[in-house]
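My notes follow in the order I checked things.

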Amino acid sequence: MDWKLEGSVQRTESPELQGQEGILEDIGEDGLSESFQLLQIDVECDCQDREPLPTNSTTWCSKNVQRKQRHWEKIVAAKKSKRKQEKERRKANRAENPGICPQHSKRFLRSLTKEKLLEAKHSGPRLCIDLSMTHHMSKKELSRLAGQIRRLYGSNKKVDRPFWICLTGFMTDSPLYEECLRMNDGFSSYLLDITEEDCFSLFPLETLVYLTPDSEHALQDVDLNKVYVLGGLVDESIQKKVTFQKAKEYSVKTARLPIQEYMVKLQNGKNYHSEILAINQVFDILSTYLETHNWPEALKKGVSSGKGYVLRNSVE
């Protein structure tokens, strides 16, 4: 019986194998070639459905180059516009300041400033800052005074006819000197005289004119043969006549700025009027007058509206 089953299996399998072999024999070489042709057609159809890729990167590179080219053109146009604006600015500066050549370098301008300051030491007007009264000043007051010295020196460098500045009664180990070094860049290289001597022993007394708001005499003119003294004093408690009394001790001539002669009091809410000015403001008035010989213009430069004074002609 087992033999019969095996035989039947052999008989059932045999026709299938024979059928497959027959099919392969019937297909032959022509059938295989047709199948490959159909497969190739299917692949070509899939390729046609997709977007064709460029054979090289010429198109992509050209877009990239065009983008860079547009960016570069914008940069060039911006540079041309900037050069044009700079040229116009230089032209305007030449028209306003015909005596200054705009193409000078900063080094040349610094050299020119140094030359003017050194020339003032021998033939220019002289200004003395009396710093012998700083021992009772607070740290805040010393900082304010150091800032005024910095602004005064900066203004002196810019004027056409600078003063020669001398800081008298100035101790190099004093808190004010340390504050000047801390607040003022390059203070140690300032082109001015620094001495511990008092102004009354350094200069002949007859050449000194102590500028103080408590003086009875108004300053009429700036004499190049005189040494004008400013009290280096920042006193928030406003001790009156400190500089005036010191000048009287040495029988030195005093003078005040002609504020009362050319200015009037302006009504304000605080009813505040003061002729006490910072040393850099006094310097601005003196230097402007030396250049213009016009007191109203000079006072306008140094006396701010916060002091409660205005020029007479502005009220009329």
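Entry 1, surface patch. The model is a predicted one. For a nonpolar patch I took residues with over 30% relative accessible area and no salt bridge, joining nonpolar side chains within 5 Å. Under that rule I found a nonpolar surface patch made of Phe108, Leu109 and Leu112. Together these three residues have about 240 Å² of accessible area. I placed Leu109 in helix H3, which covers residues 106-123. Leu109 has a relative accessible area of 37%, so I logged it as partly exposed.

Side chains of opposite charge can pair when their charged atoms come close.

I looked at Glu179 and Arg182, whose closest N and O atoms are 2.4 Å apart. Both sit in helix H5 (residues 175-183), and because they are 3 residues apart, about one helical turn separates them. How exposed or buried is each partner? Glu179 is buried at 4% relative accessibility, while Arg182 is exposed at 56%.

I then checked Lys246 with Asp198, where the closest N and O atoms are 3.9 Å apart. Lys246 is in helix H7 and Asp198 is in the loop between strand S3 (193-194) and helix H6 (199-202), so this pair ties together parts that are 48 residues apart in sequence. Lys246 has a relative accessible area of 12%, and I logged it as buried. Asp198 and Lys246 also belong to a salt-bridge network with Asp130.

I noted one further bridge, between the side chains of Arg256 and Glu261, at 3.0 Å from N to O. Arg256 is buried at 8% relative accessibility, whereas Glu261 is partly exposed at 37%.

Which value does phi take at Ser251? I read about 55°, which is positive although Ser251 is not a glycine. Ser251 lies in the loop between helix H7 (242-249) and strand S6 (253-255). Its relative accessible area is 67%, so I listed Ser251 as exposed.

His293 is also not a glycine, and its phi is positive, near 55°. I located His293 in the loop between helix H9 (279-292) and helix H10 (295-302). With a relative accessible area of 53%, His293 is exposed.

Definitions and conventions:
Residues are numbered from 1 along each chain as its sequence is written. This is a predicted model: local features need pLDDT of at least 70, side-chain atom pairs count only at pLDDT 80 or more; totals for chains, interfaces and linings use all residues. Side-chain values use heavy atoms; hydrogens and water are left out. Patches are made of residues with over 30% relative accessible area and no salt bridge: like charges are joined within 9 Å, nonpolar side chains (Val, Leu, Ile, Met, Phe, Trp, Tyr) within 5 Å. Accessible areas come from the Shrake-Rupley method with a 1.4 Å probe; for residues, only the protein chains shown count as cover. A salt bridge is a side-chain nitrogen of Lys or Arg within 4 Å of a carboxyl oxygen of Asp or Glu. Helices (H or I, at least four residues) and strands (E, at least two) are DSSP runs, numbered from the N terminus. Buried means under 20% relative accessible area, exposed over 50%, partly exposed in between (1.4 Å probe, protein chains only).
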